[in-house]
Amino acid sequence: MGNRLSAVATRTGDDGTTGLGDGSRADKDSPRIAALGDVDELNSVIGLLRTETLPEDVQADLGTIQNDLFDVGAELCIPGHTTVQAAQLAWLDERLAHYNGALPPLREFILPGGCRTAALAHQARTVARRAERAVVALGRRETLNATVRQYLNRLSDLMFVLARHLNAAQGAGDVFWTSPHSRVKP
């Protein structure tokens with residue numbers, strides 16, 4: 001672990017750049033910093049979700065995910081550094097199968113909503129998708145560990161399944177999309 005900040009307001013970013021973990025500087029609107037910011041936002045949304053009353057396994061899994069997202073951030077902050085491992089991706093796959101296994105098959109599109117915790121999980125899903133897009137954009141310019149992109153992709157899937165799981169756990173049920181044709185009133 002490198003040096004930790006003792007002062008947060010360093011004023012070094014006043015010129016529109018920010019320091020990376022390798023000591024270099026990057027423009028605050030660069031693809032790398034955009035991806036890092038989206039991952040940070042995702043971690044914050046998951047932190048907000050964790051303030052809610054959740055089943056113990058969900059709470060524990062979200063804690064693991066927050067730590068994994070710090071690893072993702074480390075890779076984005078230090079060009080050429082690899083932190084995210086295939087085992088972390090395999091763990092996500094296992095948790096996805098665990099939560100999905102108890103849910104009824106999905107036969108309709110669902111809308112974000114139901115109970116509050118499910119709505120927050122859907123919000124995390126959408127931020128995960130944005131973070132994934134930002135990582136894809138960065139990967140077009142620079143070489144990245146493919147596991148980072150795959151982790152974010154799989155995490156968005158897990159957040160969708162967790163939203164359904166949380167709705168079921170609270171008896172809220174999924175909110176189904178209805179076709180425009182079925183919404184038309186005579």
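The side chains of R129 and E132 meet in a salt bridge, with a distance of 3.3 Å from N to O, where a salt bridge is a side-chain nitrogen of Lys or Arg within 4 Å of a carboxyl oxygen of Asp or Glu. Both residues belong to helix α4 (residues 116-141), in which they stand three residues apart, about one turn of the helix; helices (H or I, at least four residues) and strands (E, at least two) are DSSP runs, numbered from the N terminus. R129 counts as partly exposed at 29% relative accessibility, while E132 counts as buried at 14%, given that buried means under 20% relative accessible area, exposed over 50%, and partly exposed in between (1.4 Å probe, protein chains only). Salt bridges that share partners also join D38, E41 and R130 into one network.

This is a predicted model, in which local features need pLDDT of at least 70 and side-chain atom pairs count only at pLDDT 80 or more, while totals for chains, interfaces and linings use all residues. Residues are numbered from 1 along each chain as its sequence is written, and side-chain values use heavy atoms, with hydrogens and water left out.

A search of the whole structure finds 10 salt bridges, and the table lists some of them.

| Salt bridge | N to O distance |
|---|---|
| R95 and D61 | 2.7 Å |
| E94 and R95 | 3.3 Å |
| R129 and E132 | 3.3 Å |

The protein has six helices and four strands, which follow one another along the sequence in the pattern β-β-α-α-α-β-α-α-β-α. Helix α1 (residues 31-49) and helix α2 (residues 56-77) have axes that come within 10 Å and cross at roughly 170°, the axes being lines fitted to C-alpha atoms, for helices over the stretch in contact, with angles that run from 0 to 180 degrees between N-to-C directions. The two helices α1 and α2 are therefore roughly antiparallel to each other, a term for angles over 145 degrees, whereas those under 35 count as roughly parallel, 65 to 115 as roughly perpendicular and the rest as oblique.

On the surface, F109, L111, V175 and W177 form a nonpolar patch with about 380 Å² of accessible area together. Such patches are made of residues with over 30% relative accessible area and no salt bridge, with like charges joined within 9 Å and nonpolar side chains (Val, Leu, Ile, Met, Phe, Trp, Tyr) within 5 Å, and accessible areas come from the Shrake-Rupley method with a 1.4 Å probe, where for residues only the protein chains shown count as cover.

P112 has its place in the loop between β3 and α4 and is exposed, with a relative accessible area of 53%. The C-alpha atoms of P112 and R164 are separated by 9.5 Å, although the two residues are 52 apart along the chain.
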